[in-house]
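Reader: Hi! Could you walk me through this one while I have it open?
Author: Happy to, let's take a look together.

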Amino acid sequence: RPLHEAGARLFVISNSSRRSGNTLQKLEPMGFDPSWFSGVMTSGEITHQQLLTRADPAFKAMGTRCLHFTWSGRGAIPLDGLGLTTVATAAEADFVLCHGTEAVNGPGGGGDDADADAA
């Protein structure tokens, strides 16, 4: 609060694998007013934007078939709108996308509580 009241521009930079959209609301129960912040950026948002635009040559060359490690208890990270196909094994994948460590998001985006070691 003191930084906000002093006129500082405040930003949240987080290594959360989730997109930025709801990050500020999650701070409210901890005593932070979302209106104090000018913006938020998460690693999940950066990854989503890079996979969406494919502007970086490394992302452009990655292919579309991914082995997706995600969360189970906290809810799987959705890949909607990215044009990706989730696969069940590393042998089928063009790349591995690691949003979490609890589950493998299987073919069709099921977010199964599969053993990540089996992938």
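Author: Let's start with strand β3, residues 65–70, which is mostly covered, with five of its six residues buried. Keep in mind that this is a predicted model.

Reader: Thanks! In which sense do β3 and β5 pair, parallel or antiparallel?

Author: Parallel: β3 and β5 (residues 95–98) are joined over four bridges. In that pairing, His68 has Leu97 of β5 as its bridge partner.

Reader: And how many bridges join β3 to β4?

Author: Two bridges, and these strands run parallel, with β4 covering residues 85–86. Cys66 stands opposite Thr86 there.

Reader: What about β3 and β6?

Author: That pairing is antiparallel, over three bridges, with β6 at residues 103–105. Thr70 sits opposite Ala103 in β6.

Reader: Nice. Changing topic, which residues lie nearest the centre of the largest pocket?

Author: Ser17, Arg18, Arg19, Lys26 and Ile77 do, out of 20 lining residues. The elements giving two or more residues to that lining are α2 (23–27) and α3. The largest share, four residues, comes from α3.

Reader: How much space lies in that largest pocket, and how do its lining residues divide?

Author: About 310 Å³ of space lies in the pocket. Its lining divides into seven nonpolar, nine polar and four charged residues.

Reader: Since α3 came up, is His48 in that helix buried or exposed?

Author: Buried: His48 has 9% relative accessibility, and the cut-off for buried is under 20%. Leaving aside neighbours within four places in sequence, His48 is in contact with Arg19, Asp80 and Leu82.

Reader: Where is Arg54 found, and what is its phi?

Author: Arg54 is in the loop between α3 (43–53) and α4 (57–60). Its phi is positive, about 55 degrees, although Arg54 is not a glycine. For context, most residues other than glycine have a negative phi.

Reader: Why does Arg54 count as buried?

Author: Because its relative accessibility is 14%, and buried means under 20%.

Terms used
Residues are numbered from 1 along each chain as its sequence is written. This is a predicted model: local features need pLDDT of at least 70, side-chain atom pairs count only at pLDDT 80 or more; totals for chains, interfaces and linings use all residues. Side-chain values use heavy atoms; hydrogens and water are left out. Buried means under 20% relative accessible area, exposed over 50%, partly exposed in between (1.4 Å probe, protein chains only). On a 1 Å grid over the protein atoms alone, a cavity is a set of points where a 1.4 Å probe fits but cannot get out, and a pocket is an open set with protein on both sides within 12 Å along at least five of seven lines; lining residues have an atom within 4 Å of a point. Grid points are joined across faces, edges and corners, and a volume is the space filled by probe spheres set on the points. Ala, Val, Leu, Ile, Met, Phe, Trp, Tyr, Cys and Pro count as nonpolar, Asp, Glu, Lys and Arg as charged, and the others, Gly among them, as polar. Contact means heavy atoms within 4.5 Å. Two strands pair if DSSP finds at least two bridges between them.
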